[in-house]
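Please go through the briefing below with the sequence and the model side by side.

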Amino acid sequence: MSPLLTITNLNKIYHRHQPDEVIALRDISLKITAGEVVALTGPSGSGKTTLLSLLGCMSKPTSGSIQLRGRLVSKLPERFLAQIRRTSFGFVFQQYNLLRDVSVLENVMLPLYPSNQSFRVMKKTAGAVLERFELQKMMRKKVKQLSGGEQQRVAIARALVANPDIIIADEPTAHLDSNLSEILLGILANLNTEGKTIIIATHDPAIYQSPLIQRRVSLRHGEIVEDKNQ
Amino acid sequence: MILHPGILSLLSGSLLTLLVMLIASGLGIRILLSWDASSSSEGQIILERKTWLVSTLVNYALGFQIFSAFLFIATAEDIHQLFVGAMCATGSLNANLVGWLVLLIKGILLFAAALWVILNRLDQRTEDCPLVRQKYFALLLLTPLVALDGYLQWRYFRGLQPEIITSCCGSLFSADGESVVSELAGMPARQAMLLFFSMTGTHLIVLSACLRFKATILRPLLFMTAVLMLFISLGAIISFISLYIYQMPSHHCPFDMLQSHYGYVGYPIYAALFIATLYGMLPGICQPLRQHESIEKEVDRIERNWLWFSLWATLIFLLISCWQMVFGSFTLLGY
Amino acid sequence: MRRQLKILEYTLSSLIRRKAKNFSLIVVYAFTIATLGSVLFLTHALKEEATGSLTEAPALTVQRISAGRHDLIPTHYTTTIKHLPGVKSVTPRVWGYYYDSLIKANLTLIGSNNPPAELLLLDGNLPENPQECAIGKGVADAFGPAIGDNLVLEDNEQKSNRFKITGIFQAESSLLTNDLVILPETTLRTFFSMDPEMATDLVVEVYNPREIKTLAKKIKYLLPDTRPISRDEILHTYDTLFNWRSGMMLAVAIAALISFCILAWDKATGISATEKQEIGILKALGWETADVLTAKFWEGLVLSLTSFLLGILAAWIHVFVFAAPALVPLLKGWSVLFPKFQLTPAIDFYQLFVLAFLTIGPYLVCTIIPSWKTAVTDPEQIMRG
């Protein structure tokens, strides 16, 4: 089976050739197959988020290559990266990153604006995703009126609205109690059975020790120290 | 020099456009000097972002140029009262030597800027942006043209003396003058019509052939027919189309049709002619650019749209300009 | 295209969300446009009024010049001019100015044989008997009489003359008829103690307007002490005058525009943390730089057009409803009898075009660089919170 994401000898250096130079990632090589659930673990500052943003086409590596379904994406101009982000990736951010003054429905529709879908179709798509997470009743409400758990579900709904293959989640349980974390794991498990590839950066043992996680990649000082299936 | 609100806003608009273009060129030079598509250094990423600033600046400048071209004609129209003997914009433009030159430069600038914007779009759609160097080099040529336009415009307005007695359309476009323009006006209507219709007909045929066949020879041919059609159509507007629009046998003015009195019919006429020519030229211009694989892919994807644009615009141009000829009560032939 | 419209929709909703922030910008922007717009509307309306009343003016007026000054013209010049080929008619006119110390204003007194042709809107009728007169609206308002009352004017010998008012001009535009008093010609001659052989000037009508220049030359040749003035010359003098005035005022008002641009620049640069985060989120979710630039373009355009509409509405009300109280002292000026001055609303697209070009352009340019800075927000920063 050909890998979905292949990264080879990846390096990411911030502020290169400047006094505040930071080497965030060093010579990372990794292959992720479609349908895998991967946890990236490691202490903060180990490069989890940097690796996640490179995998999610949010930034470009200083050297090395990233291939998505065999297509070399690390050298693409930014506009193509944006295109890939909205069609292939769904992001669940640590801070949810929802627009607080905007309605739930509009928040979920955000990734669909730069497409050729009509407004009506956009609304229908977003409505369907919201229904799946039992949020349809509050879709006119503003995000700031929702509870933490509801916001988390809105964030997941938004990540799924463009029907991406890969879900990228950065510390998704950081602001949730254990009860809500359980629910989240349930949702992720469901998504995985639908065939979605899931990459989670976390240092929450409740996540990386759960049976859902098939593979755990540990990072330290920007290098992979352990990569094992579990 | 006349202190007139329209002149004031044209001059300040030109200054603003020039400023915008100078910023764009400054960025363009930096991009030309240090562009390295293979690098993924932070410097290259910043340059890549700067290209967006340059495109936005040039897009705005082009938008300005379009409005300023119309404002220029409208202003010439508005100030004709200041010249004894001038009866429309033509009279104002005749008031000193630079008037027509300004109009010509504005026309060239419109085409050049529009082509730049379209080719830039095309290049930005590719993954490897092969045209970066050519684009920014062309930008460095575009800026002096904007400066020239601003300077000549200033010269024209500064040189205007309200006391000058000028000839108006009546005498400039009357058949006994000696300039090229009056040659056009003096051309027998039947011949002019024959030339005009055979030219637009040829353009339409070549267009359809381009839509049907992929032959490389057709594109440069289309470029030629488009350019020829532009000039012949402008001639035809002066020679006989204007007569039908005004329903007067000796009124050859190409600007009066932009006025409310004639239902602003000139705007769709000139806009359609501009679009028909511009999009007719594009496939030919892109022919040599096809050596870049990525550009070729994009051109293949979008060329049909261009051809259709040109086709529709030509038809609309023909329809509006010849409407009166077919349905109007005015008859020119048969005298 | 659809994508553009959707981004416009997003922009509109985000503008409404931030109405407090945009409100002050719109107010200042609209105020700037209203200032510039008032200048343009007022001068344009004044020009229209003046040229409108001049279209009915005689094609050619012949004055006599003596010692470089306008002098009374002998009526026998009429015969000389009448014999020139192409001349339709020659009429001597009697008119003059009268300063009334009571209301401290200049009146224009015209003999009734040749009242200006545009005075069609008349309440009552023109004077027929020696002791009758018709007056302009401004005169009626200043003196306070109505039809049937008397108007008292003092002649050169300080003798009071009573004239019964038979009519009042209610012309739609009152710029030229405001200070008018029409008297029977013989009465006026006596009033001005003018020789019956003399007239103020001669009015020449011609068959073919194209011959005016030639005729003027011939008149000047045959009667070297005269000065023929054609209507076109007066028209373009007016035009130059009004253009110059509005140009001057615009040049001053551009200062307001520049200060507005500084404000706009400042507003556009001082982007709030929430907005920066919003753009970051959009970029992270797959919006391209071009999409954000489009959104910013729409934002600028929507703000501009809203302010533009508000601004020209304000200018229109200022000029045509309140008669431009802020500008009139600077622009008008020759006669004092202007208090009840009402302009006919006249707006043409050209004026709006000029105004839009002058105001929207600079604003959009001011926002290009700040918009771009926002648009290239790095999506990666969103990952880091």
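A:His15 counts as exposed because it has 10 C-beta neighbours inside 10 Å; a residue is exposed if 12 or fewer other C-beta atoms, placed from the backbone, lie within 10 Å of its own, buried if 20 or more do, and partly exposed in between. The model is predicted, so local features need pLDDT of at least 70 and side-chain atom pairs count only at pLDDT 80 or more, while totals for chains, interfaces and linings use all residues. Residues are numbered from 1 along each chain as its sequence is written, and chains are lettered from A and ligands numbered from 1 in the order in which they are written.

**Positive phi in chain A**

- Most residues other than glycine have a negative phi.
- A:His15 is not a glycine, yet has a positive phi of about 50°.
- A:His15 lies in the loop between strand E1 (5-14) and strand E2 (22-32) of chain A; helices (H or I, at least four residues) and strands (E, at least two) are DSSP runs numbered from the N terminus.
- A:Glu134, also not a glycine, has a positive phi of about 55°.
- The loop between helix H4 (119-132) and helix H5 (148-160) of chain A holds A:Glu134.
- A:Glu134 counts as exposed, with 10 C-beta neighbours inside 10 Å.

**Sheet in chain A**

- An open sheet of 6 strands runs in the order E6-E7-E8-E3-E9-E10 in chain A, with mixed pairing; two strands pair if DSSP finds at least two bridges between them.
- Strands E6 (89-92) and E10 (223-229) of chain A are at the edges with a single partner strand each, so one side of each has no neighbour in the sheet.
- From one strand to the next, the twist averages 15°.
- Strand E7 (residues 166-170) and strand E8 (residues 197-201) of chain A pair in the parallel sense over 5 bridges.
- A:Ile166 stands opposite A:Thr197 in E8(A).

**Contacts between chains**

- Chain A has 11 residues in contact with 8 residues of chain B; contact requires C-beta atoms, placed from the backbone, within 7 Å.
- The side of chain A that touches chain B has 4 nonpolar, 2 polar and 5 charged residues. Ala, Val, Leu, Ile, Met, Phe, Trp, Tyr, Cys and Pro count as nonpolar, Asp, Glu, Lys and Arg as charged, and the others, Gly among them, as polar.

Note on methods: Axes fitted to C-alpha atoms, helices over the stretch in contact; angles between N-to-C directions. Contact = placed C-beta atoms within 7 Å.
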